[in-house]
Amino acid sequence: MTIDVQGGSGGLAVALDDLTAAARVLLAEADAMGGLALRLVAMAPSPELVRIALAATLPAFGPRHGAEVLRAAAGAEWLLLRAAGPGGAAGRELSLGSLAAVVQASVEGYRSAEAGVSASMSLGRQVVMAAAGAAWPVGLAAALGLGAEAVVGELLGTADPLFEHPWLVDVVSGGLPGLAWGLTLSDPRLLALGAVAALASGRPWPPGDYGSAVGAATGAASLGGLLRESGTVRVTPVPSPAASSAPSSAAPKGLASLLRAQDELSAMPARVRVVEIPRRDGTSAWIVQLPGTQEWRPVAGANPLDLTSDVRLMAGRSALLTRGAAQALDAAMAASGRAGAPDPVMLTGHSLGGIAAASMACDAEFTRIHRVTHVVTAGSPVARFPVPPEVSVLSLEHRQDAVPRLDGERNPDRASWVTVTRDVARDRDVSGRLGVAHEVREYAETAEEVDAAVREGTDASLSDWAAGSREFFASGAEGPAVVRDYAVTRIGEHGR
Amino acid sequence: MNLGVNPSPELSGRGRELRLLGDQVRLGARRLGGLVDLRWQSRAAEAFRARVRHETREQLNLADALDEAAAAFDRLAALVHGG
């Protein structure tokens, strides 16, 4: 079992930034050498030296001493010119300048090539999905007859096409705007429906980007009473099994124990967990844990861990789930006497929980009150969330898990965003099943790999992430942690 | 023994000036040396580090050459001034 690490302090983006900075240093030194060469050359034809040379030939010097002075003058002049010339400052200017140019050209070449590949892939996805959208009646008939996955499986000659070819999800999700275009081309009624839905969701039509496409789909669904959310949210403290079982060891020992706690949380309906970790200075660090989707019906019910929250948050809209999680954190901090304190907060979640965590980290209203320093996601499509660069993000993804691919985009490669990918194709527990590849238990195993890499210091990005997040784990805690669980319930139109 | 030719402040100060220039080049070499601290791990990164180390050595050689020229001018000034 091995993991692949992208981004972070040892990632490519940082390397390219480092190289750009290096090119600047090299160029500055090259300029300095050019200036030095000119200065040395200007020093060489000294009238003083000419005067000394002439005087050295006079009898007053004596022939031996005169010759010695002449040799010393010539030697000094030669050394000066040598330091200025091609073997000296002038040569250094050329060498450093050419290295600076090569480094800068390499960085720019890589960046433009990557942008070009990304643009052409994006265009390709839009074209493919526009064609699929235009031919939707044929696809619908086949899907109804055979089952959607069976149709794709038939085309690709495999029983579990999404597990075997996870890139299919990238094509579909990345090409959502194209799909919307294609659908409107095929049927003017869909064009009208889309326009109304876009109007309802406040998004442009036809959609030009992923958020608009998901927003339009949500808008269309809401016209039929689906994926709609109204009312408010109620947050109630409930006994936590984690607190009663092992209160003294409640602070996670590492990423794996954080993910195992996530698994425990997922087994309880509509729960959000807040873990308080005491710090040496008397303040606390806080972990907010959000589970994945528990209700798959497209109608919002009392449990906000549902499809409605999934779609709303992916469309960049607000959701009662995140409001509830924020209230849970407020309640926990108030219970600890630290209401409104600028304590560091880590937001973690599996699947929908990770989406909600990333969404909260981007929410200006939430971050104005709470100092979000870390986000940890497992199996969540979070690449499109504009998480501020000062927030450290760690994303765990499985290559065969379709869910983190639902945004059709790779996570940003930047100093503060580390993405760990594990190939679970040969994992005995997964045994080729798409659903298992997404399970939080499997992600706990991936987290064990991360912990091992941190212990062994085999990856700079992970080592730096662990060093920066120490205060959230047992190794950085000053005393036992306090675990508080909260039931989060939608009330109002959909409530009980 | 006075040779009747007194070196001007220009000649006397030349050694000092060259040493100062040498020190500046050494500072530059230190800046270049810092470039090997890239976190990037790859063969290309290793090649870049090797090139930076080479450039740093060359800078230090130039600083030494300036010191050598400075010493030569000091020696000349001493010869002219006092034999």
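Which side chains meet in a salt bridge at 3.0 Å, N to O? The figures below, drawn from a predicted model, begin with that pair.

**Figure 1. The salt bridge between R441(A) and D263(A).** The side chains of R441(A) and D263(A) form this salt bridge, with a distance of 3.0 Å from N to O. R441(A) belongs to helix α19 of chain A, which covers residues 440-456, and D263(A) belongs to helix α13 of chain A, so the pairing ties together parts that lie 178 residues apart in sequence. Over all chains, a search of the whole structure finds 26 salt bridges. Side chains of opposite charge can pair when their charged atoms come close.

**Figure 2. The largest cavity and its lining in chain A.** By the rule applied, the count is one cavity of 30 Å³ or more. The volume of the largest cavity is about 30 Å³. Its lining consists of L258(A), L259(A), Q262(A), T348(A), G349(A), V376(A), T377(A) and A378(A). Three elements of chain A give two or more residues each to this lining: α13 (255-266), β5 (344-350) and β6 (371-378). By class, the lining residues comprise four nonpolar and four polar residues, with no charged ones.

**Figure 3. The contact between chain B and chain A.** Chain B supplies 35 residues to the contact and chain A supplies 43 residues. The size of an interface is often given as the accessible area lost when the parts come together. For chain B and chain A the buried area is about 3,500 Å², and carbon and sulfur atoms give 71% of this area. Eight residue pairs, both members at pLDDT 80 or more, are in polar contact between chain B and chain A. On the side of chain B that touches chain A, α1 (9-33) and α2 (43-82) of chain B each supply at least two residues. Helix α2(B) gives the most to that side, with 15 residues. In terms of residue class, the side of chain B that touches chain A has 21 nonpolar, five polar and nine charged residues.

Figure 4. The rule finds four salt bridges across the interface of chain B and chain A.

Conventions. Residues numbered from 1 in each chain as written. Chains lettered and ligands numbered in written order. Predicted model: local features only at pLDDT ≥ 70, side-chain atom pairs only at ≥ 80, totals over all residues. Heavy atoms only, no water. Contact = heavy atoms within 4.5 Å. Buried area = accessible area lost by both parts, 1.4 Å probe. Polar contact = N/O pair within 3.5 Å; in protein donor to acceptor, adjacent residues only side chain to side chain. Helix = DSSP H or I, 4+ residues; strand = E, 2+ residues; numbered from the N terminus. Nonpolar A, V, L, I, M, F, W, Y, C, P; charged D, E, K, R; others polar. 1 Å grid on protein atoms, 1.4 Å probe; cavity = no way out; pocket = protein on both sides within 12 Å on 5 of 7 lines; lining within 4 Å. Points joined across faces, edges and corners; volume = space filled by probe spheres on them.
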